[in-house]
Amino acid sequence: MISKSVLFLLYISAAAAAALDCTGNDALLQVNYTLTKDEWNFKQNDFFLPFLKLPGHSIPYRSFADLVNFETCLPRDECSQVVVTGIPTDRYALLFDGNSLDVGVEFSYVGTKTVTSTEVGTCITAPPTCKDTEALVEVQYWSSEYRRKEPFRIEDRHGDTVIKQHGGTVDDYSLDSIFACIARDSCYTFLTGRGDPNWTGLPPSSYSLFFDGELVQKSDRFDDSFESVQFGDTCQPRCNQNNESIIEFFLHDPGRRDYEFKWDLKLVTGDSWVARGVVSFGPDKSPLYHKTMCIPKGSCSSFSISISGQFNVYGPALTYSLSMDNTIYRQMNWRNSPSKHQTIIMGSCAVGGLCDEKSQDLFDLELHTAAEYKLPDERSSLLIPSNDIAWDFGHYHTIYIDAILSSSQYISAFYKTDSSYRTIECVPNHGRELAFFIPEDSAFENYTVKKNGVQLEDSQEFLDGIKKWIMTPFPINQSQSRSQLSGGAIAGIVIACLVLIVLIAVIMKCLKRQEERNQHDEEDPLSESLL
């Protein structure tokens with residue numbers, strides 16, 4: 001029995017051979033390929049294979065034999081998108097109604113596979129004409145396999161929204177452009193991201209941002225980490241770069257539920273407040289919240305966030321991210337955390353003033369991820385699954401680790417390649433041996449572990465029966481360990497020592513009496529007969 005796909009390809013070949021005659025309001029679309037067999041570098045079991053997508057259907061190319069020229073009729077007075085994936089743009093040509101077409105917008109999938117979207121027919125996408133004092137801003141959004149619109153918006157310097165996209169649905173593999181005329185002599189911020197990546201392996205949605213005809217930002221992943229991009233003729237750094245650090249906070253709620261978040265930022269030294277706020281979410285509000293704050297460079301700060309209201313932990317993942325000076329301290333799915341209150345420590349912190357010096361030490365981890373990463377199927381990825389950098393910190397025994405801190409408490413879904421991460425915590429000092437553990441095959445470039453501000457250099461191998469770890473011992477300060485004894489414990493030790501001294505004195509006295517008796521027996525020769 002001949003499959004439908006084979007019949008369809010036979011139909012295409014027959015149609016091509018017959019040179020389609022389009023009638024009425026239709027015009028002929030032709031897709032002609034020049035790729036050679038030697039240039040075909042796909043295998044049938046590859047996750048991503050080339051295909052041609054037209055309104056209503058798509059044509060997969062599972063082998064080089066499937067890659068045949070294609071013809072069809074499309075309406076002249078409608079806008080149609082022709083999507084070609086996996087084929088280099090110089091290895092095919094598009095013709096519509098007898099006219100050669102320039103290949104449209106090009107996107108990159110996993111860094112090597114080209115995806116293009118070209119509009120044919122009557123497409124009303126002409127941008128508006130701006131005044132001399134204005135510049136054209138354009139956001140090109142490509143939906144890929146997803147039929148949803150990713151959230152983004154552009155704000156002016158006062159925080160007012162210029163362009164927004166809160167969500168909705170769209171055709172898969174479709175290109176959409178949004179235009180606006182905005183004042184030249186101002187500064188704008190482009191905000192996007194939801195922190196919840198797609199791990200299906202399908203091409204992720206992408207975007208390009210243009211201002212006054214110039215490309216400002218392009219991303220081959222629309223769904224990963226949060227981003228804020230400043231552009232415009234009068235933009236200045238958001239913080240004083242000489243003596244201030246910038247803290248950036250993102251929060252995204254895809255469920256649009258009714259509840260509030262409260263957050264506050266304060267300096268640890270002096271316990272002084274820097275900023276605080278309340279974030280309200282709901283069906284009629286933007287799903288993306290963003291805030292930047294400036295603090296003195298070299299200071300130690302504490303950021304707290306709490307949730308109120310009916311929060312459904314089984315609903316869509318609510319995500320938030322907190323970074324300082326491009327170093328990420330937290331990126332979490334709140335759904336993965338049982339707590340309604342979380343605190344993050346950032347900056348140049350010392351054990352004094354932050355931790356209880358009698359019972360705690362300061363743990364400080366700085367980690368930089370690998371510049372390149374490949375998924376198990378050898379596809380390159382800009383994101384690293386969090387379980388590929390799954391570190392632990394805690395007590396250890398012969399063959400297992402009893403963790404008190406884990407990477408999943410700070411990064412729940414993914415790391416970005418070639419990026420910096422940091423964790424600062426006060427950890428208990430119980431007199432038991434502590435250490436930092438990271439799998440030997442983790443996707444990191446380098447890392448450092450500090451105890452109370454001092455970098456720990458000693459690293460050794462640790463086997464837990466399943467995998468091999470790199471272990472960095474976190475030594476216990478013996479004087480600290482002794483100082484941790486309670487008053488009752490100290491009193492108990494003193495009493496035990498006194499009892500031991502008395503016992504030794506009694507034993508010594510008994511031994512002395514026995515020695516005197518033996519000596520007396522030796523001096524009295526009658527003692528034996530009398531006995």
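Strands β26 and β33 (residues 444–451) pair in the antiparallel sense over seven bridges, where pairing requires at least two DSSP bridges between two strands. Strands here are DSSP E runs of at least two residues, numbered from the N terminus. Within this pairing, L367 has Y447 as its bridge partner in β33. This is a predicted model, in which local features need pLDDT of at least 70 and side-chain atom pairs count only at pLDDT 80 or more, while totals for chains, interfaces and linings use all residues. Residues are numbered from 1 along each chain as its sequence is written, and side-chain values use heavy atoms, leaving out hydrogens and water.

β26 also runs antiparallel to strand β31 (residues 420–428), joined to it by nine bridges; here S420 is the bridge partner of H368. Seven of the 10 residues of β26 (residues 360–369) are buried, that is, under 20% relative accessible area with a 1.4 Å probe and protein chains only.

Now let's turn to the nonpolar cores, sets of buried Ala, Val, Leu, Ile, Met, Phe, Trp, Tyr and Cys residues joined through side-chain atoms within 4.5 Å. The largest has 34 residues, and F249, L251, F261, W263, F303 and M346 touch the most other members. β19 gives this core its largest share, five residues. A second, separate core of 26 residues includes L367, Y415, Y421 and F436.

For contrast, look at K37, in the loop between β1 (26–33) and β2 (51–54). K37 counts as exposed because its relative accessibility is 63%, and exposed means over 50%. Its C-alpha lies 6.4 Å from that of F64, 27 residues away in sequence.

How values were computed: Helix = DSSP H or I, 4+ residues; strand = E, 2+ residues; numbered from the N terminus.
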